[in-house]
Amino acid sequence: MRWSLLAGLTLVLACSTDAPPKTKPVATPAAAPKPIVREAPPEEAPPPMTASPSFSMVDAGGAHSCGVAESAELFCWGRNDQGQLGDSGSADRTLPVAVGEGLKWKAVSVGGSHSCALTTDGAVYCWGSSLAGQLGSDTLGTIAQPYRMQKAPPFVKISSGENHNCAITADGKLYCWGENRHGELGLSLFSKFSPVVQVAPQLTWSFVSAGAHDSCGITSEGKLYCWGLDNGGAIGVEAADACEMDGAPGQCALPLRQPVDSLRFTTVATGVNHSCAITTSGVLYCWGSNDHGQLGSGFREPLSPAAVIGDGRYTAVSAGRDFTCALAKDGVVQCWGADDNGQLAGRAADATVPAPIAGSTKFVALSSGTSHSCALSVDHTVYCWGSNDNGQLGSGSHKRSFAPARLMFATRDHP
């Protein structure tokens, strides 16, 4: 009996071993979701373009540029969020737009978010941001078309900085207005902003340059003075020795003569943290911050005024945020310093010594903004290079340029 039961159990086990094993159904894996591809909207096609007319001057600022044509017309292009183009709007422009039509213009200077220009009779007009009083108006805010300053004498030269301006009369008097937090107006005390004031009345001035938070000027005798914020040594003097006044070390509220007093200068350019000036013999001196080689000394240490390396002789110089461009006597533009946006026009890397920009075009004038430059060729054509995020090159697009790009205009029958 026991054997029979055991045999039966063995038989059952043997039969169950031959049966296919029961398994739980396996779920089919879900297909991986396709990644969402967000295509950038195509850039708006540029309007029909034509070559620009002949210009008499051009100036580059924060992220916009302006120029005066030989016809005495004024044009601006680039960033316009504060009305700095003067076209009554706020949209950026990648091509030039006419400003102050009906007026005859002589000169223009471009600041951070504002612009100022002189008519042929010396009247000064400003437009854009006026949060620091840089437009010379009685109210603060934004004015998107040229505003004529009422309390200013006729001027023959003008220079716009980040938030202030300086201008010179025919008889050599120097006036400044706008922000004065750091003494950039040359006053004996600091203030948020100021109306037009005369600077150092005892001196006669021949040239002035308004920078980010400082200013430099040259007297009729060729002596160089600077005042304002000495950040990075931008005004060329030791702050501990010469700029401690009004309880604000590093800020010079009055013009201070430079250590290179034995030299005589013809022109000066102020950037953000560095400045440069040219002597009567064409030797170029630079001073201040040098982290990108913007002083042209061959290394990156900051300096008091020292000659740029090489035997070049120059007729014009312009200081950007952290780069410098200068015009040699043979008409060749040379640049050095930072090159993250093509500021050096052909170098593709920071440089500590001057070198010619790309191309063979010869120039007669130039101006550098924050990260771009514009220059006037011998045939009075405007070329620009460098950063172009806001259309400040006037090329009809937002593409930056690593070589001089010719300024273009929309055709007359296109807005």
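This short talk walks through some strands, sheets and loop residues of the structure shown above.

Before the details, a word on the basis: this is a predicted model, in which local features need a pLDDT of at least 70 and side-chain atom pairs count only at pLDDT 80 or more, while totals for chains, interfaces and linings use all residues. Residues are numbered from 1 along each chain as its sequence is written, and side-chain values use heavy atoms, with hydrogens and water left out.

Let me begin with the sheets, and with what I mean by the words: strands (E, at least two residues) are DSSP runs, numbered from the N terminus, and two strands pair if DSSP finds at least two bridges between them. Within it, β2 and β3 run antiparallel and are joined by five bridges, and V58 stands opposite G67 in β3.

A further open sheet of four strands, again with antiparallel pairing, has the order β6-β7-β8-β9. Its edge strands are β6 and β9 (142-148), each of which pairs on one side only, and the twist averages 10° from one strand to the next. Strand β7 (residues 114-119) pairs with strand β8 (residues 124-129) in the antiparallel sense over five bridges, and S115 has W127 in β8 as its bridge partner.

Staying with β6, I would like to point to K106, which has its place in that strand (residues 105-110). Is K106 buried, exposed or partly exposed? With a relative accessibility of 40%, K106 counts as partly exposed, given that buried means under 20% relative accessible area, exposed over 50%, and partly exposed in between, using a 1.4 Å probe and protein chains only. K106 and L118 are 12 residues apart in sequence and, from C-alpha to C-alpha, 5.6 Å apart in space. If we leave aside neighbours within four places in sequence, K106 is in contact (heavy atoms within 4.5 Å) with M57, V68, L118, T119, T120 and V156.

Next comes strand β11 (residues 164-168), where five of the five residues are buried, so the strand is largely enclosed by the rest of the structure. H164, C166 and I168 point one way from β11, while N165 and A167 point the other way. Strand β10 (residues 157-160) pairs with β11 in the antiparallel sense over four bridges, with I158 opposite A167, and a hairpin of three residues joins the two strands. β11 also pairs with strand β12 (residues 174-180), antiparallel and over five bridges, and here C166 stands opposite C176.

A72, in the loop between β3 (64-69) and β4 (74-78), has a positive phi near 70° and is buried, with a relative accessible area of 15%. A348, in the loop between β24 (333-337) and β25 (351-356), has a positive phi of about 65°, yet A348 is exposed, at 64% relative accessible area.

Key
Axes are lines fitted to C-alpha atoms, for helices over the stretch in contact, and angles run from 0 to 180 degrees between N-to-C directions.
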